[in-house]
Amino acid sequence: MMVKSLQPYIQLNGQQIAQPSVALIAPENIESIKVLKDEHATNTFGDKAKDGAILIKSKPTVKLDNLQGIYTRFRIPADQQILRVVINNQLIKDTSLILANLDQVEKVEVVKQDATAPVRWSLNDEETFLHIIPKPQPKQ
């Protein structure tokens with residue numbers, strides 16, 4: 001039996017973000033998190049929130065950047081800016097949904113997928129990706 005992974009709708013400061021982007025927000029920069037379930041989520045956000053909604057509010061002093069900000073900060077050359085993006089080993093289908101607290105990004109590197117990985121990003125083993133790696137979080 002295959003377990004379907006839930007894809008809650010996620011907003012950061014009122015803007016939809018990709019689930020893996022959450023790893024690019026330092027926990028100490030989060031002011032609040034609100035979870036909406038079932039009809040509360042779908043009544044508010046429609047069918048895209050059928051698996052629930054997570055509303056994250058960062059502290060007012062936190063600066064958040066989109067993918068272009070990551071390119072600039074990490075001096076990503078133009079020829080690499082056309083690569084598909086992976087955050088924390090998860091392929092991002094819509095890069096407009098990336099928001100990051102740049103201090104939370106450990107490094108950005110160009111990689112080929114691991115052919116032995118359980119999740120494939122592409123059927124082309126030669127394709128390269130821009131992998132954004134968040135800083136590790138201290139264990140609580």
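Reader: Is Asn-13 buried, partly exposed or exposed?
Author: The model is predicted, with local features requiring pLDDT of at least 70 and side-chain atom pairs pLDDT 80 or more, while totals for chains, interfaces and linings use all residues. Residues are numbered from 1 along each chain as its sequence is written, and side-chain values use heavy atoms, leaving out hydrogens and water. Buried means under 20% relative accessible area, exposed over 50%, and partly exposed in between (1.4 Å probe, protein chains only). Asn-13 has 40% relative accessibility, so the residue counts as partly exposed.

Reader: Where does Asn-13 sit, and what is its phi?
Author: Helices (H or I, at least four residues) and strands (E, at least two) are DSSP runs, numbered from the N terminus. Asn-13 falls in the loop between β1 (9-12) and β2 (15-16). Asn-13 is not a glycine, yet its phi is positive, near 50°.

Reader: Which element holds Asp-38, and what is the phi of Asp-38?
Author: Asp-38 belongs to helix α1 (residues 38-45). Asp-38 counts as exposed because its relative accessible area is 56%. Asp-38 is not a glycine, but its phi is positive, about 50°.

Reader: In what order do the elements of the protein chain run?
Author: The protein chain has 2 helices and 8 strands. From the N terminus on, the order is β-β-β-α-β-α-β-β-β-β.

Reader: What is the radius of gyration of the protein chain?
Author: The radius is taken over C-alpha atoms, and the globule rule is 2.2 Å times the number of residues to the power 0.38. The C-alpha atoms fill a box of roughly 45 × 45 × 30 Å along the principal axes. For 140 residues, a compact globule would have a radius near 14 Å; the protein chain agrees with that, at 16 Å.

Reader: What share of the contacts joins residues 24 or more positions apart?
Author: Contact means heavy atoms within 4.5 Å. The share is taken over contacts with a separation of 6 or more, and residues 24 or more positions apart account for 69%.

Reader: How far apart are the centres of the positive and negative side chains?
Author: Lys and Arg count as positive and Asp and Glu as negative, with His and the chain ends not counted. Each charge is placed at NZ of Lys, CZ of Arg, CG of Asp or CD of Glu. There are 17 positive and 16 negative side chains, and the centres of the two sets are separated by 3 Å.

Reader: Which side chain makes a polar contact with that of Arg-84?
Author: A polar contact is a pair of N or O atoms within 3.5 Å; within protein, one must be able to donate a hydrogen and the other to accept it, and residues adjacent in sequence count only if both atoms are side-chain atoms. Arg-84 is in strand β5 (residues 84-87), and is partly exposed because its relative accessible area is 37%. Beyond four places in sequence, Arg-84 touches residues including Leu-91, Trp-121 and Ser-122. At 2.9 Å, the side-chain partner of Arg-84 is Glu-127.

Reader: Which backbone nitrogen lies 2.9 Å from a polar atom of the Ser-122 side chain?
Author: Ser-122 sits in the loop between β7 (105-112) and β8 (128-134). Ser-122 has a relative accessible area of 9%, so the residue is buried. Its contacts beyond four places in sequence are Arg-84, Gln-113, Glu-127 and Phe-129. The backbone nitrogen at 2.9 Å is that of Asn-124.

Reader: How far apart in space are Val-111 and Leu-130, C-alpha to C-alpha?
Author: Val-111 lies in strand β7, and is buried because its relative accessible area is 17%. Leaving aside neighbours within four places, Val-111 is in contact with residues including Trp-121, Thr-128 and His-131. Val-111 and Leu-130 are 19 residues apart in sequence, and their C-alpha separation is 6.4 Å.

Reader: Which side chain does a polar contact of 3.2 Å join to that of Asp-65?
Author: Asp-65 is in the loop between β4 (53-58) and α2 (67-73). Its relative accessible area is 14%, so Asp-65 is buried. Beyond four places in sequence, Asp-65 touches Ile-98, Leu-99, Ala-100 and Leu-102. The polar contact of 3.2 Å links the side chain of Asp-65 to that of Lys-63.
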